[in-house]
Amino acid sequence: MKSFFLSAVMLLLPVLLLAQFSTLNGKVTMDDGKPASRVTITVKGTKVAGTSDDNGKYELKNIPYGKHTVVFSSVEIKEQAITIIFNKTTQALNITAIPAEDSNLDDVVIEGATQKKKIETTGFAVSVIETKEASLRNLQTNELLDRAVGVRVRQNGGIGSEVEYNLNGMTGRSVGVFIDGIEISTYGSSFNLNNIPPAMIDRIEVYKGVLPSHLAGDYMGGAINVVLKKDAGQNNISASVSYGSFNTFQADASLMTRAAKSGFTVKASGFYTHTDNSYEIWGKFSKFVAPNGVVTRNHRAKRFNDEYRSAGGRVELGFTNVKWADQFLLGYNGSDTYNEIPHGQTMGRPYVGRFSEADAHVLSVVYNKKNLFIKGLTLNFNGVYSDRNTYIQDTSGWVYNWDGNPRLDIYNRPMYRINQGQQGAKTMNSINRKITTVRANLSYDIISGHRLSVNHMYYTVDRNDNDIFRPVGDDIYRTINDIAKNVTAFNYEAQTFGNKLKTNVFVKLYQQSTGRTAPDIKVVNGQTVVTTVVSSDNRSTTGYGMALSYTFLPKLMFVGSAERAVRMPGESEIFGDPADNVIANPGIRPEVSENYNAGLRLDGYKIDKHRFTVSGNLFWRNVKDRIMRQANTNLSDQEIELSPFVNIGLAQALGFEGELMYNYAEKLNVMFNFSKFNSLYKQEFDAATGQRLSDYYNKQLPNEPFYTMNGNAQYRFNNLIQKKSIINLYYNFGYVASFRTIWPESEWFTTPTQFSHDLGVSYRTPNRKIVVSFDAKNLFNQEMYDNFGVQKPGRAFYLKLNYTITNF
Amino acid sequence: MKKQLFKNAILGVAATALLLSSCKKDKDENTNPPGLTERWVTVSGAKMETNPGDGNGGTMVQSLSIEDAKDPNKSFDVFESGFNVKSQRTARLQASEDGKQLFNIQYSGADGGTFNAYNVLGGKNYPSTGAEVDIEPYAGQTPRWYKLYDGDKTGVAVNVSVKNDSVGGKLVSSRGIGTILSLNLQNAAISGVENHELALDAADELKGHFIFRLDAPILNKAGNKLMVGTWMRKYAPGTTTVDGTSDRIGTKTVVVDYPSLKNPKIITSTQATGDNSGYRSQISYLGSDGYIYQATHRERAGAGGSKIIRIGQNNEYDNSYVLSLDNALSITDSYIESWRYAGNGIGYVLYRHGGNKQGYIARVDLRAKTATKIDLPGTEGLDFEQYQGIMINGDEVFVAVTPTGLDGNLYIFNSRTNTVTKGAKLINKAGNRYIGVY
């Protein structure tokens, strides 16, 4: 394996040519002084091309000396061609562009590489979700992700409930979720994909399997990186409110402003979400138990005790695009959540009075600078400190039915469990976490197209649990957990063969140490004996891999990647998390996997007014000590309330995903994707005893959707009601094939096939300030499940109003 | 590829629609196929979870025709071709007298304490029937229960919680609080629940004795008293430290009025000191002579082993009667794991002795107070600890005999003719064993 990588590196080493090259840079400005972004700049007769960034700036490298014509084009500007003689290593060219006529819009072919396309062609198995459209509609960030190829978002109920991400058969914490490269758990449950409005997000990158080094961490299933809006080039205020079914109210507002001269930048945004989640349920687990014990299933009822409230704000102050920094921002992020917990892992037993409160105060500093000290040296630094509190209360012993009333016993008295809460023993548990995350990335362009980088990630959590239902003031009952993690990645990126081949080779070093001080309560000879157990663990290991892409025809590209990845058990997997019904498992071991991806991508293939993008990706994962939520090996515990994460041994996933996008005359957009894989249990014999372990060798792992499809269509009407107004119609469907939720075959424990349809419409006024949108979700009121035993919302309607002011 | 996918998608929709409509149908349909009169024989097997023989991997059942069950040339593998019964540990299964229904109360786990019934339709065909009943709030997640021999009308589930009373921080007494719950099996629902403080003699309580568990309820011949077996425990006085060495006190039965489940009375045997709770099977039977015969177990080593004692129609122990298995078989420290009364004063006992796990079968004559060991081939490693179901069909007594992890056979003992017949072969899997015939 090692020699393979070595020879690969040798092969791709740069072949230095003796010819001389020039670099052209500058800025494209509109005639009104605003920067023109996403302008494609090409040098005729060469393969050199580039795009202007959000500030209108661009840079083209490797332009051979001599006389060339540079062409500036974009949807928004009239094409300009300028002829220049290149005879210096660096030359500058600033131009002023003239806006294109609106009527020309249909005729312009967009050839500029968007951020989406750029990332999707780096060799990693990645898809990029643009949120611009979605932010105007009644969509949650999670819903948006769920529609992406190979992504399955599994939510334990309505808005605010626990969410798990499944990327092509990898799940749980093996999938990293980041906000601007910072692990999302740093921000806590009060600032996560449940409540960050798409309006705050620029784009979401979904990496499957192999991760680029700037997201280096101990993840193996891939990562979801939410990139928040950075664009401070334009002064901008936007706000939206939305209201819909189940008393769901959402509002968000954001402001961005930058002083052109000093570069002083202010970005502020806030959101508020409230919902009762009072949707109707009628599935198998919706029960009514009569006083004589007789259970009626499929009891139609409205969910109760499921209110969710969340508010948060984010302020960043600093300087952008100044001499000494491209970005230097100090930020504060505060959020607060109240979440009623309506049931355990399944909805078998309704809870009334169990709730959690969470708040987080997060301080951050961001610094990045290209060409720091010397040309080609880039530094990115992101440091975050977070103080998070979670409080869970559950003190009521009354037993409830799904009709919302206390359950009656055989003598028609309300049932009460002495010393019990809704889920087991009474609890008033405060969990405090102090999290520090630092990510630094230093890269150096040795010569154009060859970059070396080193990335270091440090993550530490100090966690302190204190339940006042344990004897007060008695420190022996206190649990203190610490975890510290370092991941260092070395990376070499190269673009060779006339930029046709892009390669990325990396090595990652992982280290993690945990410490736990917890009470061990035992009954010895009838006496309760409490001993304080101090345990610690330190592990380190190495991973490596590579990614490449090769363009063999202008629009046809191969992408491939291979990696040996390691992932350490996460804090909640080791120490448990009562808010998400997770039991501690201090003995859990790291998971190691080999990931391989290979795919083809045909980009923007055009016949007349029809444009196609087709991509397919084959993936294979071989996992040792696979970590997953414990699934039952027998048929009891159908109404489980709590469970731990466990190592299950060897597992393998082999699958395929595909995506087709079609566009007609920039009016009709159709997208279809699917993902299907076999995720098999591969542990046949016990490593220690050689004994055959189970009947489940080579069987599909339970509780993982393995066949999903998504499709959507969008049609745009111009000038329909008012001149220059835009109406968009949307349709979306999601399909999940039925899957087992426990190890043995059992009809009872198999989720049904799910097929849901959504419709939406939005209207943008001619002045572009107001967008109104209406969405209808789960149109046919299907019985939907992500997790077995927790029904998701049925039909729902939402209305949203967006208001934007630019250039005030 | 795309076409195929869409096809699949459409099929999916169609299948969903079909599923939804067929679900509705199921409820109205009479699940009993017409013309079925034969006696099904259900065999059950317990799967291992972590250790061989732990039985915690779930319970599988399969129904055979009585001809197949008796045919030594047939072989069956419940673990390969059976039906998985809902339960965490070995399911506490009971069958209707005609073998056409199985009753189950899940034992331990999140759904422990849930009753449901299955129709027995041959092979792995066990559709659920009737209502599901949740008795957990009364009887807990680990209720012990038996069907009464009242024509499959009633089941009784029992449970005990222990109340420790202290005065000034010092433990003065420990006492079992028993719950007795009756369950209507014909129209599944709870029909009665009573809680009773199970006080012993003050002197015994002072020494630390208390009723730790109830099990093995049985109805007397008159049908007006319910007898519930007990598992006794003793703490060292003033503590909650289990005293496992002091002498035991006389075997006790809790007697309540039936069907009211009220007026508890504790009766004590002078002939035995073991428990009469059984472990995972019934241990008390109403004899054809009107006496209730109880097997005891968990006797102290050297205390004379398991006995069979009896309660008369006056609902008091007949202390003039005892059958000592030690004496009858000339062994020591015998331990009856399970047994069944087969009529005419004859019973079949599954037992071990001398502190070993090895299981044996003997035929006992309750009238003559004698016992004869039945020698069977290939029974090395046989362990009846979790054994639950001995089936009676006329004069025939069916027992599944499989050592842990090894193949075995069904055996049919004729209680009248005293013959032994080898029945169908039972294929086993590592760590598993067959635990019942119903």
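1. The structure is a predicted model, in which local features need pLDDT of at least 70 and side-chain atom pairs count only at pLDDT 80 or more, while totals for chains, interfaces and linings use all residues. Residues are numbered from 1 along each chain as its sequence is written, and chains are lettered from A, with ligands numbered from 1, in the order in which they are written.

2. Confidence in chain A comes next. The pLDDT, which is the predictor's confidence in each residue on a scale from 0 to 100, has a mean of 81 in chain A, where 87% of the residues reach 70 or more. Over residues 1–19 of chain A the pLDDT stays under 50, and the model has 13 contacts for this stretch beyond four places in sequence, a contact being two residues whose C-beta atoms, placed from the backbone, lie within 7 Å. Residues 101–112 of chain A also have a pLDDT below 50, with 12 contacts in the model beyond near neighbours in sequence.

3. Within chain A, A:T257 belongs to strand 17, which covers residues 248–258. Not counting residues up to four places away in sequence, A:T257 touches A:N235 and A:V266, whereas A:I607, 350 residues away in sequence, is 42 Å away from A:T257 in space, C-alpha to C-alpha.

4. Chain B has 6 helices and 29 strands, where helices (H or I, at least four residues) and strands (E, at least two) are DSSP runs numbered from the N terminus. Its radius of gyration is 23 Å, close to the 22 Å that the globule rule gives for 438 residues, so chain B is as compact as a globular protein of that length; the radius is taken over C-alpha atoms, and the rule is 2.2 Å times the number of residues to the power 0.38. Buried residues make up 50% of the 438 residues in chain B, and its C-alpha trace spans about 80 × 55 × 40 Å along the principal axes.

5. One open sheet of chain B has 5 strands in the order 3-28-27-26-25, with mixed pairing. Strand 3 (75–76) and strand 25 (391–393) stand at its edges, each with a single partner strand, so one side of each is left without a neighbour in the sheet. Strands 3 and 28 (residues 420–426) of chain B run parallel and are joined by 2 bridges, and B:S75 has B:K425 as its bridge partner in strand 28; strands count as paired if DSSP finds at least two bridges between them.

6. Strand 21 (residues 335–343) of chain B is mostly covered, with 8 of its 9 residues buried. It pairs with strand 22 (residues 346–352) of chain B in the antiparallel sense over 7 bridges, and B:Y348 in strand 22 is the bridge partner of B:R340. This hairpin has 2 residues between the strands, and B:N344 takes a positive phi near 55°.

7. B:D383 sits in the loop between strand 24 (370–374) and strand 25 of chain B. It is partly exposed, with 19 other C-beta atoms within 10 Å, and, leaving aside neighbours within four places in sequence, B:D383 is in contact with B:G53, B:K357, B:G359 and B:T404.

Note on methods:
Buried ≥ 20, exposed ≤ 12 C-beta atoms within 10 Å, placed from the backbone.
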